[in-house]
Amino acid sequence: MTTSAGPRRGRRLTGAAAGLALVVLGFVGLTVLLVALGALVPGLGALSGWATVTVPARGATLVVAGLVAAVLALLLRRRLRWAATGVAIGTGVATVALAVVVGISVVTTVAAGGSVNPFRAVVPSSGLALPDGDPVYTTGPDGAALHAAVWDPRGATGPAPVLVYVHGGGWNAGSELGNTDDLRWFADHGRLVVSVAYTLSSGTRPTWDVAGPEVACALTKVAALAPGRGGDPSRIVLAGDSAGGQLAVSVGYHAASGTQPSSCGGTVPVPRGVLVQYPAVDLVDAYEHGHFPGQPGTPAGYLGQLYTGGTPEQVPDRYAAVSGGPAITPRAPATLVIGPTRDELVPPGGVERFVDQARAAGVDATLVRMPYANHAYDTLGTGSLGNQARLTISEHWLADHGW
(Lines give C-alpha, C1' and ligand atoms only; values in the text may rest on other atoms or scores of the structure.)
Protein backbone atom coordinates (compact mmCIF):
# COMPACT_ATOMS: atom_id res chain seq x y z
CA MET A 1 0.00 0.00 0.00
CA THR A 2 1.45 3.39 -0.98
CA THR A 3 0.63 6.88 0.18
CA SER A 4 1.32 10.22 -1.38
CA ALA A 5 3.93 12.29 0.46
CA GLY A 6 2.92 15.44 -1.45
CA PRO A 7 -0.51 15.99 0.18
CA ARG A 8 0.88 15.26 3.64
CA ARG A 9 3.72 17.72 3.12
CA GLY A 10 1.24 20.30 1.87
CA ARG A 11 -0.93 19.82 4.94
CA ARG A 12 2.11 20.17 7.22
CA LEU A 13 3.18 23.35 5.47
CA THR A 14 -0.32 24.76 5.65
CA GLY A 15 -0.52 23.90 9.34
CA ALA A 16 2.87 25.50 10.01
CA ALA A 17 1.80 28.68 8.18
CA ALA A 18 -1.41 28.78 10.20
CA GLY A 19 0.56 28.34 13.41
CA LEU A 20 2.98 31.13 12.47
CA ALA A 21 0.08 33.42 11.56
CA LEU A 22 -1.56 32.68 14.90
CA VAL A 23 1.66 33.59 16.73
CA VAL A 24 1.75 36.95 14.94
CA LEU A 25 -1.91 37.56 15.72
CA GLY A 26 -1.30 36.61 19.34
CA PHE A 27 1.53 39.12 19.52
CA VAL A 28 -0.80 41.83 18.22
CA GLY A 29 -3.38 40.85 20.82
CA LEU A 30 -0.76 40.88 23.59
CA THR A 31 0.36 44.37 22.57
CA VAL A 32 -3.23 45.63 22.64
CA LEU A 33 -3.75 44.00 26.03
CA LEU A 34 -0.62 45.56 27.56
CA VAL A 35 -1.51 49.03 26.30
CA ALA A 36 -5.07 48.75 27.62
CA LEU A 37 -3.86 47.38 30.96
CA GLY A 38 -1.21 50.08 31.38
CA ALA A 39 -3.76 52.78 30.58
CA LEU A 40 -6.53 51.48 32.81
CA VAL A 41 -4.37 50.56 35.81
CA PRO A 42 -2.15 53.40 37.06
CA GLY A 43 1.01 52.64 38.96
CA LEU A 44 2.36 49.82 36.80
CA GLY A 45 5.70 51.57 36.37
CA ALA A 46 7.20 51.52 32.91
CA LEU A 47 4.14 49.74 31.50
CA SER A 48 1.79 52.55 32.55
CA GLY A 49 4.25 55.16 31.27
CA TRP A 50 4.54 53.43 27.91
CA ALA A 51 0.79 52.91 27.62
CA THR A 52 -0.09 56.54 28.33
CA VAL A 53 2.30 57.66 25.62
CA THR A 54 0.99 55.03 23.19
CA VAL A 55 -2.75 55.62 23.62
CA PRO A 56 -2.81 59.21 22.30
CA ALA A 57 -0.24 58.41 19.61
CA ARG A 58 -1.31 55.00 18.30
CA GLY A 59 -4.39 54.00 20.28
CA ALA A 60 -6.77 54.21 17.33
CA THR A 61 -4.34 52.25 15.16
CA LEU A 62 -4.08 49.48 17.75
CA VAL A 63 -7.88 49.23 18.08
CA VAL A 64 -8.15 48.57 14.35
CA ALA A 65 -5.19 46.17 14.47
CA GLY A 66 -6.76 44.30 17.37
CA LEU A 67 -10.09 44.01 15.59
CA VAL A 68 -8.43 42.65 12.45
CA ALA A 69 -6.34 40.21 14.49
CA ALA A 70 -9.40 38.87 16.32
CA VAL A 71 -11.28 38.30 13.06
CA LEU A 72 -8.30 36.57 11.41
CA ALA A 73 -7.84 34.35 14.46
CA LEU A 74 -11.45 33.24 14.13
CA LEU A 75 -10.77 32.27 10.52
CA LEU A 76 -7.96 29.96 11.68
CA ARG A 77 -10.26 27.91 13.91
CA ARG A 78 -10.67 25.24 11.23
CA ARG A 79 -7.01 24.23 11.63
CA LEU A 80 -6.13 25.35 15.16
CA ARG A 81 -9.45 25.23 16.88
CA TRP A 82 -8.67 25.78 20.55
CA ALA A 83 -5.58 27.93 20.15
CA ALA A 84 -7.24 30.16 17.57
CA THR A 85 -10.36 30.48 19.71
CA GLY A 86 -8.26 31.55 22.70
CA VAL A 87 -6.35 34.14 20.67
CA ALA A 88 -9.57 35.49 19.14
CA ILE A 89 -11.32 35.83 22.51
CA GLY A 90 -8.29 37.30 24.29
CA THR A 91 -7.58 39.77 21.50
CA GLY A 92 -11.24 40.71 21.27
CA VAL A 93 -11.52 41.46 24.99
CA ALA A 94 -8.28 43.49 24.94
CA THR A 95 -9.48 45.42 21.89
CA VAL A 96 -12.79 46.27 23.55
CA ALA A 97 -10.91 47.52 26.64
CA LEU A 98 -8.60 49.69 24.52
CA ALA A 99 -11.57 50.94 22.48
CA VAL A 100 -13.16 52.15 25.72
CA VAL A 101 -9.96 54.03 26.60
CA VAL A 102 -9.80 55.60 23.14
CA GLY A 103 -13.52 56.38 23.26
CA ILE A 104 -13.18 58.23 26.56
CA SER A 105 -10.35 60.28 25.07
CA VAL A 106 -12.52 61.17 22.08
CA VAL A 107 -15.47 62.11 24.29
CA THR A 108 -13.20 64.34 26.39
CA THR A 109 -11.94 66.05 23.26
CA VAL A 110 -15.44 66.70 21.92
CA ALA A 111 -16.67 67.92 25.32
CA ALA A 112 -13.85 70.48 25.33
CA GLY A 113 -14.91 71.79 21.92
CA GLY A 114 -12.52 69.74 19.82
CA SER A 115 -13.08 67.06 17.20
CA VAL A 116 -11.43 63.88 15.96
CA ASN A 117 -11.21 62.48 12.44
CA PRO A 118 -11.04 58.72 13.16
CA PHE A 119 -9.50 57.82 9.79
CA ARG A 120 -6.72 60.37 10.31
CA ALA A 121 -6.14 59.05 13.84
CA VAL A 122 -5.65 55.50 12.56
CA VAL A 123 -2.91 56.55 10.13
CA PRO A 124 -1.01 59.53 11.61
CA SER A 125 1.85 61.00 9.61
CA SER A 126 4.94 63.13 10.10
CA GLY A 127 6.40 66.03 8.22
CA LEU A 128 8.30 69.28 8.37
CA ALA A 129 6.34 72.40 7.49
CA LEU A 130 9.07 74.90 6.77
CA PRO A 131 8.36 78.49 7.88
CA ASP A 132 7.85 81.39 5.53
CA GLY A 133 10.71 83.18 7.27
CA ASP A 134 13.18 82.64 10.12
CA PRO A 135 14.62 86.09 10.93
CA VAL A 136 16.93 86.94 13.81
CA TYR A 137 15.01 88.95 16.40
CA THR A 138 17.83 89.51 18.91
CA THR A 139 21.03 87.97 20.23
CA GLY A 140 21.61 86.12 23.47
CA PRO A 141 24.08 87.09 26.20
CA ASP A 142 26.75 85.01 24.47
CA GLY A 143 26.19 86.77 21.16
CA ALA A 144 24.34 83.86 19.57
CA ALA A 145 21.56 84.79 17.15
CA LEU A 146 18.01 84.07 18.33
CA HIS A 147 15.51 83.38 15.57
CA ALA A 148 11.77 83.84 15.21
CA ALA A 149 10.26 81.42 12.68
CA VAL A 150 7.23 82.93 10.93
CA TRP A 151 4.26 81.26 9.23
CA ASP A 152 2.10 83.76 7.38
CA PRO A 153 -1.70 83.54 7.77
CA ARG A 154 -3.63 81.67 5.09
CA GLY A 155 -7.13 82.68 4.11
CA ALA A 156 -7.39 85.53 6.60
CA THR A 157 -9.73 88.40 5.77
CA GLY A 158 -8.27 91.50 7.33
CA PRO A 159 -5.55 91.64 10.00
CA ALA A 160 -5.06 88.18 11.47
CA PRO A 161 -4.71 87.22 15.14
CA VAL A 162 -1.12 86.48 16.16
CA LEU A 163 0.03 83.29 17.89
CA VAL A 164 3.47 83.52 19.49
CA TYR A 165 4.78 80.05 20.38
CA VAL A 166 7.52 79.18 22.89
CA HIS A 167 9.01 75.71 22.42
CA GLY A 168 9.58 73.12 25.12
CA GLY A 169 12.58 70.93 25.77
CA GLY A 170 13.35 71.25 29.46
CA TRP A 171 14.88 74.73 28.94
CA ASN A 172 18.03 73.03 27.63
CA ALA A 173 16.92 71.67 24.25
CA GLY A 174 14.64 72.43 21.31
CA SER A 175 14.39 75.34 18.90
CA GLU A 176 11.94 77.62 17.15
CA LEU A 177 11.60 74.93 14.46
CA GLY A 178 9.90 72.37 16.70
CA ASN A 179 6.27 71.28 16.13
CA THR A 180 6.30 72.88 12.69
CA ASP A 181 3.32 70.88 11.37
CA ASP A 182 1.17 72.19 14.21
CA LEU A 183 2.34 75.76 13.70
CA ARG A 184 1.53 75.57 10.00
CA TRP A 185 -1.90 74.21 10.96
CA PHE A 186 -2.62 77.28 13.07
CA ALA A 187 -1.42 79.51 10.22
CA ASP A 188 -3.66 77.64 7.79
CA HIS A 189 -6.53 78.52 10.13
CA GLY A 190 -5.97 82.22 9.62
CA ARG A 191 -3.30 83.24 12.14
CA LEU A 192 0.09 84.83 11.91
CA VAL A 193 2.27 82.33 13.79
CA VAL A 194 5.67 83.20 15.24
CA SER A 195 7.79 80.60 17.06
CA VAL A 196 10.65 82.08 19.09
CA ALA A 197 14.01 80.74 20.19
CA TYR A 198 15.59 81.59 23.53
CA THR A 199 18.94 80.95 25.20
CA LEU A 200 19.14 77.36 26.44
CA SER A 201 20.44 76.41 29.85
CA SER A 202 23.43 74.18 30.51
CA GLY A 203 25.41 72.84 33.44
CA THR A 204 27.44 76.04 33.56
CA ARG A 205 24.79 78.57 32.52
CA PRO A 206 21.36 78.70 34.20
CA THR A 207 18.92 80.82 32.21
CA TRP A 208 16.06 81.40 34.67
CA ASP A 209 16.65 85.17 34.43
CA VAL A 210 17.58 85.19 30.73
CA ALA A 211 15.00 83.15 28.80
CA GLY A 212 11.93 85.05 30.05
CA PRO A 213 13.25 88.52 29.12
CA GLU A 214 14.19 87.14 25.68
CA VAL A 215 10.64 85.87 25.13
CA ALA A 216 9.40 89.28 26.27
CA CYS A 217 11.73 90.90 23.74
CA ALA A 218 10.25 88.66 21.05
CA LEU A 219 6.77 89.91 22.00
CA THR A 220 7.85 93.51 21.45
CA LYS A 221 9.39 92.62 18.08
CA VAL A 222 6.34 90.63 17.01
CA ALA A 223 4.06 93.57 17.82
CA ALA A 224 6.13 95.69 15.44
CA LEU A 225 6.45 92.93 12.82
CA ALA A 226 2.81 91.86 12.71
CA PRO A 227 1.23 94.60 10.55
CA GLY A 228 3.75 94.02 7.76
CA ARG A 229 2.86 90.32 7.60
CA GLY A 230 -0.90 90.61 7.87
CA GLY A 231 -1.15 90.32 11.65
CA ASP A 232 -3.06 92.29 14.24
CA PRO A 233 -0.70 93.33 17.08
CA SER A 234 -3.68 93.99 19.37
CA ARG A 235 -4.65 90.29 19.29
CA ILE A 236 -1.54 88.40 20.40
CA VAL A 237 -1.85 85.04 22.15
CA LEU A 238 1.24 83.64 23.86
CA ALA A 239 1.48 79.85 23.68
CA GLY A 240 3.92 77.21 24.86
CA ASP A 241 4.40 73.58 25.81
CA SER A 242 6.16 72.18 28.89
CA ALA A 243 9.15 74.47 29.59
CA GLY A 244 7.74 76.80 26.94
CA GLY A 245 4.44 76.73 28.83
CA GLN A 246 6.24 77.91 31.96
CA LEU A 247 7.79 80.77 29.99
CA ALA A 248 4.47 81.70 28.36
CA VAL A 249 2.68 81.84 31.72
CA SER A 250 5.49 83.73 33.46
CA VAL A 251 6.00 86.30 30.69
CA GLY A 252 2.29 86.75 29.94
CA TYR A 253 1.28 87.15 33.57
CA HIS A 254 4.19 89.43 34.52
CA ALA A 255 3.51 91.56 31.44
CA ALA A 256 -0.07 91.98 32.67
CA SER A 257 1.19 93.29 36.02
CA GLY A 258 3.84 95.48 34.41
CA THR A 259 6.72 93.57 36.02
CA GLN A 260 8.17 91.71 33.02
CA PRO A 261 11.56 93.00 31.81
CA SER A 262 12.59 92.69 28.17
CA SER A 263 16.12 91.88 27.06
CA CYS A 264 15.80 94.45 24.27
CA GLY A 265 14.00 97.16 26.25
CA GLY A 266 10.68 98.77 25.56
CA THR A 267 7.22 98.09 26.90
CA VAL A 268 6.25 94.43 26.80
CA PRO A 269 2.83 93.96 25.12
CA VAL A 270 0.26 92.18 27.26
CA PRO A 271 -1.02 89.15 25.34
CA ARG A 272 -4.76 88.78 25.02
CA GLY A 273 -4.53 85.11 25.93
CA VAL A 274 -2.15 82.43 27.18
CA LEU A 275 -2.45 78.94 25.67
CA VAL A 276 -0.29 76.24 27.25
CA GLN A 277 0.09 72.48 27.46
CA TYR A 278 1.57 70.53 30.37
CA PRO A 279 3.27 73.74 31.59
CA ALA A 280 6.00 73.46 34.22
CA VAL A 281 4.34 76.04 36.45
CA ASP A 282 5.31 74.37 39.74
CA LEU A 283 9.03 73.66 39.54
CA VAL A 284 9.30 72.48 43.14
CA ASP A 285 6.59 69.86 42.58
CA ALA A 286 8.26 68.74 39.35
CA TYR A 287 11.62 68.58 41.13
CA GLU A 288 10.24 66.43 43.91
CA HIS A 289 7.86 64.15 42.01
CA GLY A 290 8.54 64.34 38.27
CA HIS A 291 10.31 61.69 36.22
CA PHE A 292 10.64 60.89 32.57
CA PRO A 293 7.70 58.95 31.10
CA GLY A 294 8.16 55.24 31.54
CA GLN A 295 11.36 55.72 33.56
CA PRO A 296 10.36 55.93 37.26
CA GLY A 297 14.01 55.77 38.34
CA THR A 298 15.00 58.79 36.24
CA PRO A 299 13.99 61.96 38.11
CA ALA A 300 13.45 65.11 36.08
CA GLY A 301 14.55 67.46 38.85
CA TYR A 302 17.89 68.10 37.22
CA LEU A 303 16.12 70.03 34.44
CA GLY A 304 14.99 72.56 37.03
CA GLN A 305 18.50 72.60 38.47
CA LEU A 306 19.97 73.41 35.05
CA TYR A 307 17.41 76.17 34.58
CA THR A 308 17.75 77.77 38.02
CA GLY A 309 21.30 76.84 38.96
CA GLY A 310 20.41 74.85 42.05
CA THR A 311 17.88 72.85 44.04
CA PRO A 312 14.75 74.35 45.63
CA GLU A 313 16.58 74.38 48.95
CA GLN A 314 19.61 76.17 47.49
CA VAL A 315 17.86 78.84 45.39
CA PRO A 316 14.23 79.05 46.58
CA ASP A 317 13.84 82.62 45.32
CA ARG A 318 14.67 81.54 41.77
CA TYR A 319 12.10 78.74 41.85
CA ALA A 320 9.48 81.20 43.07
CA ALA A 321 10.45 83.72 40.39
CA VAL A 322 9.77 81.29 37.52
CA SER A 323 6.78 79.41 38.96
CA GLY A 324 3.22 80.19 37.95
CA GLY A 325 1.60 80.81 41.32
CA PRO A 326 3.58 83.89 42.34
CA ALA A 327 2.97 85.45 38.90
CA ILE A 328 -0.83 85.30 39.18
CA THR A 329 -2.59 88.64 39.02
CA PRO A 330 -6.28 89.46 38.50
CA ARG A 331 -5.20 91.28 35.33
CA ALA A 332 -3.68 88.12 33.82
CA PRO A 333 -4.86 87.17 30.32
CA ALA A 334 -7.49 84.52 29.69
CA THR A 335 -5.73 81.17 29.93
CA LEU A 336 -6.26 77.69 28.51
CA VAL A 337 -4.26 74.86 30.08
CA ILE A 338 -4.34 71.39 28.55
CA GLY A 339 -2.99 68.94 31.10
CA PRO A 340 -2.56 65.16 30.73
CA THR A 341 -3.98 63.33 33.73
CA ARG A 342 -1.07 60.86 33.76
CA ASP A 343 1.79 63.29 33.17
CA GLU A 344 4.91 61.85 34.77
CA LEU A 345 7.32 64.69 33.93
CA VAL A 346 5.12 67.62 35.02
CA PRO A 347 2.87 66.17 37.76
CA PRO A 348 -0.82 67.08 37.23
CA GLY A 349 -1.25 68.24 40.84
CA GLY A 350 0.92 71.31 40.42
CA VAL A 351 -0.82 72.28 37.19
CA GLU A 352 -4.27 71.88 38.72
CA ARG A 353 -3.32 73.93 41.78
CA PHE A 354 -2.08 76.72 39.53
CA VAL A 355 -5.37 76.84 37.62
CA ASP A 356 -7.36 76.80 40.86
CA GLN A 357 -5.28 79.71 42.20
CA ALA A 358 -5.72 81.67 38.98
CA ARG A 359 -9.47 81.18 39.05
CA ALA A 360 -9.61 82.24 42.70
CA ALA A 361 -7.82 85.44 41.72
CA GLY A 362 -10.41 86.18 39.03
CA VAL A 363 -8.50 84.97 35.97
CA ASP A 364 -10.53 83.46 33.12
CA ALA A 365 -8.66 80.14 33.36
CA THR A 366 -9.77 76.89 31.73
CA LEU A 367 -8.26 73.47 32.41
CA VAL A 368 -8.82 70.54 30.05
CA ARG A 369 -7.66 67.23 31.52
CA MET A 370 -6.67 64.73 28.84
CA PRO A 371 -7.29 61.19 30.14
CA TYR A 372 -4.83 58.32 29.68
CA ALA A 373 -2.24 60.77 28.37
CA ASN A 374 1.35 61.43 29.39
CA HIS A 375 3.74 64.29 28.83
CA ALA A 376 4.14 65.38 25.19
CA TYR A 377 1.15 63.16 24.33
CA ASP A 378 0.44 65.14 21.15
CA THR A 379 3.88 65.08 19.52
CA LEU A 380 4.21 61.49 18.27
CA GLY A 381 2.41 61.81 14.95
CA THR A 382 0.61 64.54 13.06
CA GLY A 383 -3.06 63.66 13.01
CA SER A 384 -2.85 61.20 15.90
CA LEU A 385 -5.63 61.18 18.47
CA GLY A 386 -3.59 63.30 20.88
CA ASN A 387 -2.43 65.67 18.18
CA GLN A 388 -5.96 66.26 16.89
CA ALA A 389 -7.18 66.83 20.44
CA ARG A 390 -4.51 69.44 21.12
CA LEU A 391 -5.12 71.32 17.87
CA THR A 392 -8.90 71.30 17.78
CA ILE A 393 -9.42 72.10 21.47
CA SER A 394 -6.99 74.99 21.11
CA GLU A 395 -8.71 76.18 17.94
CA HIS A 396 -12.12 76.13 19.61
CA TRP A 397 -10.84 78.16 22.57
CA LEU A 398 -9.07 80.67 20.34
CA ALA A 399 -12.03 81.12 18.02
CA ASP A 400 -14.42 81.42 20.96
CA HIS A 401 -12.39 84.39 22.20
CA GLY A 402 -12.08 85.98 18.76
CA TRP A 403 -8.41 85.15 18.27
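Start with the lining of the largest pocket: by class it has six nonpolar, 12 polar and one charged residues. Here Ala, Val, Leu, Ile, Met, Phe, Trp, Tyr, Cys and Pro count as nonpolar, Asp, Glu, Lys and Arg as charged, and the others, Gly among them, as polar. The model is predicted: local features need pLDDT of at least 70 and side-chain atom pairs pLDDT 80 or more, while totals for chains, interfaces and linings use all residues. Residues are numbered from 1 along each chain as its sequence is written, and side-chain values use heavy atoms, with hydrogens and water left out.

Select Gly168, Gly169, Asp241, Ser242 and Ala376, the closest to the pocket centre among its 19 lining residues. The volume of this pocket is about 270 Å³. Pockets and cavities are sets of points on a 1 Å grid over the protein atoms alone: in a cavity a 1.4 Å probe fits but cannot get out, a pocket is an open set with protein on both sides within 12 Å along at least five of seven lines, and lining residues have an atom within 4 Å of a point. Grid points are joined across faces, edges and corners, and a volume is the space filled by probe spheres set on the points.

Next, the cavities. The whole structure holds five of 30 Å³ or more. For the largest, with a volume of about 140 Å³, select Trp171, Ala280, Ala286, Ala300 and Leu303, the closest to its centre of 14 lining residues. Helix H8 (283–289) and helix H9 (301–308) are the elements that give two or more residues to this lining. Helices (H or I, at least four residues) and strands (E, at least two) are DSSP runs, numbered from the N terminus. The lining of the largest cavity has 10 nonpolar, four polar and no charged residues.

At least two lining residues come from each of strand S3 (160–166), helix H5 (180–188), strand S5 (231–241), S6 and helix H13 (385–400).

Now show the strands. Eight of them form an open sheet with mixed pairing, in the order S1-S2-S4-S3-S5-S6-S7-S8; two strands pair if DSSP finds at least two bridges between them. At the edges, strand S1 (136–139) and strand S8 (365–370) each pair on one side only. Strand S6 (residues 273–277) runs parallel to strand S7 (residues 334–340), with five bridges.

Finish with the UniProt records. An unreviewed entry lists residues 163–377 as "domain: Alpha/beta hydrolase fold-3"; this span is 36% helix and 18% strand. The entry also lists residues 12–37, 57–76 and 88–112 under "transmembrane region". Such annotations may be inferred rather than shown by experiment; positions follow the numbering used here, and feature names are shortened. Residues 57–76 are 95% helix, with end C-alpha atoms 31 Å apart, and residues 88–112 are 96% helix, with end C-alpha atoms 36 Å apart.
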